[in-house]
Amino acid sequence: STQSTGSSGINAEYGYVLNKLAAKCNHNRACIVEASAKFFETDPCPDTPKTLNVYYKCKSHATAADKALIAFIVILLLCLVGGLALWVVYAYRNPTTPSGLFLIKYGRFWKGSIYKEDTGESGI
């Protein structure tokens with residue numbers, strides 16, 4: 001597509017310029033381009049001084065497979081955390097089950113709450 005560059009009526013083929021820049025610069029961390037007819041193989045504005053301003057931003061092109069893998073990992077982590085939370089609730093509410101006994105023996109986060117160690121003293 002052709003776009004006007006200002007009141008002087010000079011037109012430049014931006015699509016062509018963009019394609020040339022993309023061919024040289026895509027997938028590179030840095031890119032040096034000389035604004036010359038030699039690089040662009042054409043001079044739409046002969047005998048006119050040239051300037052070239054390029055603002056380039058790298059985009060992430062995550063594929064559908066990448067997105068599916070990320071979604072799978074997130075769902076898996078949520079299921080693991082949810083399952084662990086449900087197990088803790090079950091073990092806490094059923095202290096005589098193997099899960100509850102395990103939690104009493106190794107669960108340090110409620111030490112000193114409802115489960116007191118039996119010291120053998122009656123407290124009377």
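Reader: How does the lining of the second largest pocket divide by class?
Author: In this predicted model, the lining of the second largest pocket has three nonpolar, four polar and two charged residues. Here Ala, Val, Leu, Ile, Met, Phe, Trp, Tyr, Cys and Pro count as nonpolar, Asp, Glu, Lys and Arg as charged, and the others, Gly among them, as polar.
Reader: Which residues line the second largest pocket?
Author: The lining consists of Cys 25, Asn 26, His 27, Asn 28, Tyr 56, Lys 57, Cys 58, Lys 59 and His 61.
Reader: Which conventions apply?
Author: Residues are numbered from 1 along each chain as its sequence is written, and side-chain values use heavy atoms, leaving out hydrogens and water. As the model is predicted, local features need pLDDT of at least 70 and side-chain atom pairs count only at pLDDT 80 or more, while totals for chains, interfaces and linings use all residues.
Reader: Which cysteines form a disulfide?
Author: Cys 25 and Cys 31 do, with their sulfur atoms 1.8 Å apart; the criterion is a pair of cysteine sulfur atoms within 2.5 Å. The count by this rule is one disulfide.
Reader: Is the link of Cys 25 and Cys 31 left-handed or right-handed?
Author: The link of Cys 25 and Cys 31 is left-handed, with -55° about the S-S bond.

Key
On a 1 Å grid over the protein atoms alone, a cavity is a set of points where a 1.4 Å probe fits but cannot get out, and a pocket is an open set with protein on both sides within 12 Å along at least five of seven lines; lining residues have an atom within 4 Å of a point.
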